[in-house]
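Subject: Structure handover and pocket results

Dear colleague,

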Amino acid sequence: MTLAEIIDRLGLQVRAGDAALRRDVERGYASDLMSDVIANGLEGDLWITLQTHQNTVAVASMKGLAGIVLVNSREPEPDTLEKARRESIPLLVSELPAFELIGRLHGLGLTGLRA
Amino acid sequence: MRLEEVQRILEARPAWTVRLPRNGEREVVSCLATDLMSDALTTTGEGSLLLTGLTNSQVIRTAGIVDLAAICFVRGKSPQPETVELAEKMGVRLLVTDLSMFEACGRLYEKGLRAAVGDEGDCRTRE
Amino acid sequence: MSDERVTKLQELVYELRVGEIMHEDVISVSPETPMSELREILRINRISGTPVMRDGSLVGMISIEDFIRWLVKSDGDCRVEAKMTRDVRTVFADEPLIQAVNKLERFGFGRLPVLDRKSGKLAGVLTKGDIIEGLLKKLEIDYHEAEMMGARSSHVFEDIIADSSALLFEYQVPGKDFTRAGACASGLKTTLRRLGIHPQTARRAAIACYEAEMNLIVHTDGGRIEARVDGRAIRIQALDEGPGIEDVARAMQPGYSTAPDWVRELGFGAGMGLVNIDKCADRMEIDSTTGKGTRIEVEILLETEP
């Protein structure tokens, strides 16, 4: 499923990275700890987090993640937004809490298994 | 949902070592997935299961403050002995699953568990 | 009166029996003891008064006040029996504590001899200190952690009866020490619940306290948290001599954080601390001077009548 389809199905709002929404996404990863994502995030993962600071973009870029979804209507900090735009990392916002959003993503067929 | 059921769905194992009173076990009414304790603190977490990748004692203290039903550590991260000890003292039930946060949430959601009320609400609001 | 106020103390004053909290190992003097020796007896035993006993029977009470009066008069040494109070008020060990509180208040005594109802013999002595300690112990609150407000303990008794007893709790929070982070908030919550405070209110106070505690740990070399509980509200004060908050308005914005990465890795520092405190409080005040320190005061009102 492409990122664009997911955005459409779950009503996510796009804050940055419009040009990179064609990418196929099969897996999700949920964490609010940078070190965890650095260690365990896999290329192509859609990252669900509450963290809004710019380090998230750096981590997403470094690990080749498909994008970042901020939950609970958290808005990215200005420098996070700027960095995401510059690096063309999709930065999305959902008003749902993490559990709910992940549940729905899982329902759409995304898996969290680390195969 | 009973904790036993959660344990089965997540293929999880209990992390406590002492015998905890059976009547201390509570029904899991909702779920909360976060690694940020500030987030957990302002969610109406009473009776919730907290899924988290953090295993320090602050997680247990947070559980005590918001009256969580239980905590499940994801990614197979076993808590430090001090964390377990504190949890046992406070009667907080701990599970460990090898699943990732994403997969654990997905499976519980599929079985009907829903999110705890989010932090957008003011905690001054009466329940 | 709302039953969600600080009611446990009031209940306990009726529930507890004098015999449960009096001290039994009573120091006593005989009527023949010279007044000149009294001061030393009181000093060594760290007491401010003692029963006077003859052949196992209570014949009077002698206190440090009696001793001072004797000193001022300076008319030579005499026996304790000449200066003691003979008209002694007593309580029975099986009486509820409220009886003792009333007697202490009415007659302005510092201590009451306690008699066994059957034998009429002295069973122990009850002081105001015993009452405070006994009540706190019953609530399982550490005597050293909690201190009744007001220098004069007699205040306490008026207050207990007037339904506005104030309790003061003080916690020292060491800086950069994550291992004990949250201990103060947990302790406060337990205490508030034991005082009979509504769970929702206790939780709000604990959350505000937790965030304030984290701020002290993350940003300062340590500080102090004080919580004061009376019949109306819980007031929490966090005080430090740390770096201060440069821009308070900005710090109040959700997500704004100056916490280093290692703090974020511990699940904190996501810029929600002050926001959470404000959310939980009925009133919040921040006093901060860069380079001097910060004082955050939070007030959480107790549930009023519905």
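A pocket here is an open set of points on a 1 Å grid over the protein atoms alone, where a 1.4 Å probe fits and protein lies on both sides within 12 Å along at least five of seven lines, and lining residues have an atom within 4 Å of a point. Points are joined across faces, edges and corners, and a volume is the space filled by probe spheres set on them. This is a predicted model, in which local features need pLDDT of at least 70 and side-chain atom pairs count only at pLDDT 80 or more, while totals for linings use all residues. Residues are numbered from 1 along each chain, and chains are lettered from A.

The largest pocket holds about 780 Å³ of space, and among its 34 lining residues B:Gly64, B:Met90, C:Ser186, C:Gly187 and C:Thr190 lie nearest the centre. Two or more residues each come from helix 3 (57-66) and helix 4 (81-90) of chain B, and from strand 7 (167-174), helix 9 (183-194) and helix 10 (199-219) of chain C, where helices (H or I, at least four residues) and strands (E, at least two) are DSSP runs numbered from the N terminus. Helix 9 of chain C gives the largest share of this lining, seven residues.

The second largest pocket has about 620 Å³ of space, and of its 32 lining residues C:Asn215, C:His219, C:Ile245, C:Thr258 and C:Leu274 are the closest to its centre. Helix 10 of chain C contributes the most to the lining of the second largest pocket, with seven residues.

Best regards

Methods
Side-chain values use heavy atoms; hydrogens and water are left out.
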